[in-house]
Amino acid sequence: MSLWVDKYRPTNLGKLDYHIEQATRLVNMVQEGDFPHLLVYGPPGAGKRTRIMGIIKELYGSGAEKLRMESMNFETPSRKKLEIMTISSNYHIEVNPSDVGMYDRVVVMDLIKTVAQTHQLDATGQREFKIVLLTNVDQLTKDAQHALRRTMEKYMATCRIILCANSTSRVLPAIRSRCLGIRIPAPKINEITTILESICKREGLTVPHELAIRIAEASERNLRRAILMLEACKVQQYPFTVNQNIAELDWKVYIQNTAKLIIAEQSPKKLLEVRGRLYDLLTHCIPCDLIFKGLLQELVKNCDLELKTQIATTAAEYEHRMHHGSKAIFHLEAFVARFMAIYKKFMETSLEAFM
Amino acid sequence: MADEFPDPDEEFDLVHEDEYEILREIEGKSCKKQLNFSQTSEVSTAKPTSQRIEVAPIPLDQSQSVNLPTQNGLDKPSTTSNKRTIEDLFGDLKDLIGDEDFQDVACCEPKVKKLCWDQEVEIIKKIVAGRKREADKWKPMNVNSNLPRDSKKDSISMRVPNWNFVAVTRCSDSQRLYIRVKSDSKCTVVKSRPASGLLSVSFSKLKAEAEEIMVNAAKKMSEASGNSELIPAAFGHELWVDKYRPHKYMELLSEEGVNRTFLRWLKLWDKIVFHRDPVRRRIMKTAPKFGDKKKSNTAVEGLDEKGFPVPRIVLLSGPPGLGKTTLAHLAAKHAGYNVIDVNASSDRGTKEFKAALYSATQMKAVMGKNPKPNCLVMDEVDGAPPASIDILLKFIHGKLEEDTDQLPKRKKKKEKKESTGCRRPIICICNDAYAPSLRALRQIALVIPVCGVSAGRLAGRLMEILHRQGLNADPSALVSLAEQSGCDVRACLGALQYMGGIKAGQKVSIAPKDVRRGIFDCWREILQVPRDKIGPMNIKERIQRILQVAYGGETDLLVRGVFHNYPEILFRDEGMETVAAALDWFQLYDVLNDTVMSQQTWNLMPYSNYAFVAWHFAFAGIQNPKLTYPTVENEVNQKLARTNAILRVTRQASGIDKMALVFDLAPLLTDLLTPSLRSVSYHLFSHAERADLVRLVNVLLDLGLNLFQDKTPEGGYVYNLEPNLEEVGTFPNCRTRRSLTYAVKQILVREIEAARLKKYEVVATAISDSNIKAGASVKPPETQKNSDTPSTPTVPNHLVRLQPITTQVTPESHQYLDFFGRLVVKKSPQNQESTGGQNNSVSPGTRQALSRSDVWFKYKEGYSNAVRRKVRIRDLQ
């Protein structure tokens, strides 16, 4: 626990720095006794997992803090062996079913069954249910989600499911309605700033307020990223200065550079170069919708309003198609080519008008 | 083997000597041949002509008739038709399977032209010319007797002696139309050429004579050719393919180079099979001249010390319908073998295969007029099971052991004695020489690829056949038929026979040959505008072609190839709109494909093929595109798998979510891991630096990372993270990063190791602590006793780090005497002192207790940390 992110992570709901009102409600809900399935969602770095762990601790006490990592084995009907890593305590088990890709349905079904079919031996003083924590639910396949919704009701007596997702848009309505949705919004800039400052204080460092704000802004209200950036800044140069260089994220810079390439020249040759860069991004496990988003954000900066709407529409359309297909590179390249075509035409017409 | 062919062999040699002679004649005639002429003449006198008939097909027999010798005499002086007469003569003679005139020919030939072995091209030319004459025999009337109608055609002389084979074009074909003279009956045409008006015998007489001979010949043919027992009456029901199968070497359609390479290889077996020594003769004659030609060189000199040809097996490969089987059979027969055919229709399991091998190569026909040695032709060998091919390979090299129980003992011994391998030529025929099952065979075999016949030549043959069948056809149609079928002789004949059944003039559509095209050809088809002779094809035709390609299968690979290659071939920059539109088709294809695959809605499948049409019109250029195989996708997949593996390992070690790793931690990792440390020794680090180092070590341990030494290609050493999470976070040319120096990394590695050990120790002690707490209440006295050990009093015995405890050895018990019987005074005080110094803290009481306790540690020479303990059964009960 030597990275600041882990070191200064609040361990229970009472210690949270922001969304305090929500935290108290969560505490109340837990103490109430009855406890529904939860669907915790919010942007990355907002503190979803911190809160979930807080809830679990609130439920079971410090016994839930002793975590162990195990790998569980499953077998698909087609006899393919699956291995998935789980993090569990005596009271809960955390798993990311999307690790096994298209076989996530098997994991979801088997895991919940095995967990739910074992009852707590001495229910006295303990909760009579265990918790299954599924992360990245929005990446689950439709099959897995359908499998989930039946088991959720069936094993209500012995287990509660906490789902953790970035957005609910790809969670089936059937599942959404079975869960209590808890939205964790991203922290505000000033909240991040105070947290950064308090960390520095506890570390015995002084951080200029302006730098803290800059970091908070650079992190895009992602607290995890902000703290990591702060630590990176500290490692790079300790007596902080206001104008200190904040480490940027490579993948973002790379997407931006790609967008610049596209703006600079529109030709098949450039398209080939861009393709190489897109492949690069994909091999680094950057999700393709993020690439779309990054490209769009960067590209529209150079367009006027009319063009902006047109390109945004195109991007939306192409991204939608991408989710229906399987080869992201086709769709990304198609979008780039379409943008090039639109942009080129626009430039030519405006040039003509100018002349 | 020698005993197997005693006399008959020699006899056989003699019988066929003339054939070899002719072959040699063809190959190159030189004066040196005189050596053999004695033999030939001997043969010719000794042997009845009936022997020859079997080898010599129809036209020969006719020329056996009276007029030939006279003709020879006539031709030379007359020279009306210039040089060609001699060649003509020679050509005839070849087919005649030489009678008495060899000396004649040999004498006159050097004057004409001295062909040598090294001039392979010329030999081939010669044979080709001979073949042409062969064809000419079928249309003799042009000059002598007729065709006043086609004056135009007359003007183009067909009798130019230095005709080139390539020059046989469609227009010359059209001259050969026999249709005009059809009324003369197809049979008579055959032999009327010799009757060139110079003969004393009248034409009608000759004709009658010839007809008679024809009938005889046909009878003899049907008797002689063992494998095709055809009754002339059944001709009508016979397939043309079989009916007009070449019966002579000269009639072969396949390329002459191929034929010759094959025949030469077959001839190399003479030494083994006929106990004739072709090597010496050949080398004597040919070796110096052969030096420049690489392939033939190996083939001729290619006899090993035992006399076997060096590639002991031959593999003919090529697409179907080119006459591979025909070539094999004909050449084998020509070389004097009895052909045994094993093809896909016969059972080719290992057992049957073995049996067939043995029966074919080690047995010999004893019945029949003249038993010949066998030659095994394995047709369609690429379909044989790999186990059978294994057996074949072993058999060739004589490594195959026969089933002992099946054979009598004597034979077994024999087998052992001569384990030289197969003693008969084996010819394998396959369509695809690169079939996986043939891999081993391909390495040891002489692979002869049989390539296609030219369309013109095939059309010529077709025309000839049609003529013999009494039909007429448009030569250009025949050429296009040949082209359409991909020069598949069999397919052409089949089509012709089918159409022949139908009345002429009907419109018949023939499907183009369904060939498996290479993937590159498919891509080329899509990415290049196809051209006719006139210009680019019309759009409809193009669409049809593209769809044809798209239906061919391997759609996914096709798409990948198109996607991979299109940016390279687009040189016009302005067409971004079309590119974008074409890329939309990629999207559509992907979506369709995915829908089909995920929902099994196969009825959507055909629509995706139209994407190829769209791409064709968007991308295709006139130039021949440079295409490359789409390897990028595989590389991407590999890299992706690697990244995923790194992420998985890190996640297992640290428990951090994958996305958090990718987005936040990995990009910032290098910054987090590079504090400014001077590259000096650890002892010289300042306080802050040490703190940094400790933090660094802790972070690395938390994330489950380590540093590993790697060797760079330049030979230097670097430390890399393992798993290399940095790689996941960094992109090329994004920003400069600081990195630790090598020295600092070395220190870091050491510290990590130390910290890791410490961590384990802490864990171990923590576990032991809990154990003690648990066990304390159970047996307090024992723990009390054991915890007397000085360093870690609370730790139970098995976790104590072992200290050397020297039990007091009483010096009195060991009294050493030296050689003279005196007591040896031990020089041990220092030793005792030092051990005492070490064990100062251990009281003698403890030591005694320890030495009496159940656990002891005995120090032996070397190093051992073995701990033993007495365990009694009653303790366990």
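Biologist: What should I know about numbering and cut-offs before I start?

Modeller: Residues are numbered from 1 along each chain as its sequence is written, while chains are lettered from A and ligands numbered from 1 in the order in which they are written. The model is predicted, with local features needing pLDDT of at least 70, side-chain atom pairs counting only at pLDDT 80 or more, and totals for chains, interfaces and linings using all residues; side-chain values use heavy atoms, leaving out hydrogens and water.

Biologist: How do I read two packed helices, say α11(A) and α14(A)?

Modeller: Two packed helices are described by the angle between their axes and the distance between the axes. Axes are lines fitted to C-alpha atoms, for helices over the stretch in contact, and angles run from 0 to 180 degrees between N-to-C directions. Helices (H or I, at least four residues) and strands (E, at least two) are DSSP runs, numbered from the N terminus. Here, α11 (residues 268-283) and α14 (residues 328-354) of chain A pack at about 140°, with axes 10 Å apart. That makes α11(A) oblique to α14(A): under 35 degrees is roughly parallel, over 145 roughly antiparallel, 65 to 115 roughly perpendicular and the rest oblique.

Biologist: Which residues of α11(A) and α14(A) meet?

Modeller: Among them are V274(A), L278(A) and L282(A) in α11(A), and I329(A), L332(A) and V336(A) in α14(A); contact means heavy atoms within 4.5 Å. By class, this contact of α11(A) with α14(A) has 11 nonpolar, no polar and 3 charged residues. Ala, Val, Leu, Ile, Met, Phe, Trp, Tyr, Cys and Pro count as nonpolar, Asp, Glu, Lys and Arg as charged, and the others, Gly among them, as polar.

Biologist: And how are α29(B) and α30(B) oriented to each other?

Modeller: Helices α29 (residues 555-569) and α30 (residues 576-599) of chain B pack at about 155°, their axes 12 Å apart. They are therefore roughly antiparallel to each other. V559(B) and F563(B) are among the α29(B) residues that meet α30(B), whose partners include L583(B) and F586(B).

Biologist: How much area do chain B and chain A bury between them?

Modeller: Buried area is the accessible area (1.4 Å probe) that two parts lose on being put together, summed over both. Chain B and chain A bury about 5,700 Å², 60% of it on carbon and sulfur atoms. On the chain B side, M576(B), Q587(B) and F731(B) lose the most area to chain A, together 13% of what that side buries. The contact takes 71 residues from chain B and 62 residues from chain A.

Biologist: How many salt bridges link chain B and chain A?

Modeller: A salt bridge is a side-chain nitrogen of Lys or Arg within 4 Å of a carboxyl oxygen of Asp or Glu. There are 9 between chain B and chain A. D556(B) pairs with K327(A) (3.4 Å, N to O), and R224(A) with D664(B) (2.7 Å, N to O).

Biologist: Where should I check the backbone?

Modeller: Most residues other than glycine have a negative phi, and most peptide bonds are trans. H19(A), not a glycine, has a positive phi of about 50°, and sits in the loop between α1 (4-7) and α2 (20-32) of chain A. A cis peptide bond joins E722(B) and P723(B), with omega about -5°.
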